[in-house]
Amino acid sequence: MAHFRHLETSKDLADCVALQRVTWGDEFGDIVPASVLKVTQKIGGLLAGAFEGDRMVGFVYSFVGQQGETFVHWSHMLAVHSDARGQGLGRRLKLFQRAELLKGGIKTVYWTFDPLVARNAHLNVNRLGASVAGYIPNMYGSATGSPLHVGGDTDRCIARWDLDSARVRWAVEGEPAIDRPATLDDAPLVTVPDIGETVEDVELPETPSVRIEIPCDIASVAKRSPAEVEPWRLTVRRAFLTYLGRRYAVTSFYREAGGATCYYLLRRG
């Protein structure tokens, strides 16, 4: 059974750096060194690990920011070792982070996630109750050196986690916050990249709800047919920028039975 604690010792920090390299690859250019991890903790940052015995199998790392008069956290990294996945450790690390930050008076946490990665969307939107506060094309550049980034631009959704909101409390204490339209016709799909038209040719409707479809496993798509990734990215990018600009909000992420279709559900505010 995994246990969770703040990282304290030099070995803890070295193990965290090693787990970064295992997760993002040796060529990843943005590994956070032990010295920066340690300094961040001195000024209010949070660095916590999941352990099986003495072995670190996951960590979460965030640091302090400020919006106007309000202090917030930016959660920069979350990782679970490949042989410890499937146990819910990522979510449990986030819940440990939430509990510790609330003790310190922090109420809001931000981070980024790849909008094309279905498992992350489900965790962030449904299981944690985070909202999508924005969408940034190619946030980290196109040459990160990490095999986790499937090639091309690193588009990212900005997650906002209001730690003590009713939505977050329901998601972390009750059932996943999955919202569904009454019928699928009420929420048309607005991303279908293989329709034979350019992205700009596709008309984006202004219905009360819409669904932004993504592949249920973008890594498999990239491995099978790398050329399919870019059309998906471009159509998802245009849809998110358009609908967030129209004041639609992501209410849930949904995977249809059998895993054939995955989509974000957005409703007009």
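A salt bridge here is a side-chain nitrogen of Lys or Arg within 4 Å of a carboxyl oxygen of Asp or Glu. By that rule, Asp153, Asp155 and Arg237 are linked in a network of salt bridges. The model is a predicted one, in which local features need pLDDT of at least 70 and side-chain atom pairs count only at pLDDT 80 or more, while totals for chains, interfaces and linings use all residues. Residues are numbered from 1 along each chain as its sequence is written, and side-chain values use heavy atoms, with hydrogens and water left out.

The structure holds 13 salt bridges. Side chains of opposite charge can pair when their charged atoms come close. Helices (H or I, at least four residues) and strands (E, at least two) are DSSP runs, numbered from the N terminus. As for cover, buried means under 20% relative accessible area, exposed over 50%, and partly exposed in between (1.4 Å probe, protein chains only). Arg237 is buried because its relative accessible area is 16%, whereas Asp153, at 23%, counts as partly exposed.

Two other pairs are worth a look. Glu100 forms a salt bridge with Lys103, the closest N and O atoms being 2.9 Å apart. Both residues lie in helix H3, three residues apart, or about one turn of the helix. Lys103 is exposed at 66% relative accessibility, and Glu100 is partly exposed at 21%. The side chains of Arg160 and Asp162 also meet in a salt bridge (2.9 Å, N to O). Here Arg160 is partly exposed at 30% relative accessibility, and Asp162 is partly exposed at 23%.

On to the helices. Two packed helices are described by the angle between their axes and the distance between the axes. Helix H3 (residues 89-103) packs with helix H5 (residues 166-173) at about 135°, their axes 12 Å apart. That angle makes H3 oblique to H5. Axes are lines fitted to C-alpha atoms, for helices over the stretch in contact, with angles running from 0 to 180 degrees between N-to-C directions. Angles under 35 degrees count as roughly parallel, over 145 as roughly antiparallel, 65 to 115 as roughly perpendicular and the rest as oblique. In helix H4 (residues 118-127), the buried residues are Ala118, Ala121, Leu123, Asn124, Val125 and Asn126.

Then there is the backbone. Gly129, which follows H4, has a positive phi near 80°. Most residues other than glycine have a negative phi, and most peptide bonds are trans. Asn138 is partly exposed, at 26% relative accessibility. Arg247 also has a positive phi, near 70°, and is found in the loop between helix H7 (229-245) and strand E9 (248-255). With a relative accessible area of 69%, Arg247 is exposed.

Back in the loop between strand E6 (131-136) and strand E7 (156-162) lies Met139, which is partly exposed at 30% relative accessibility.
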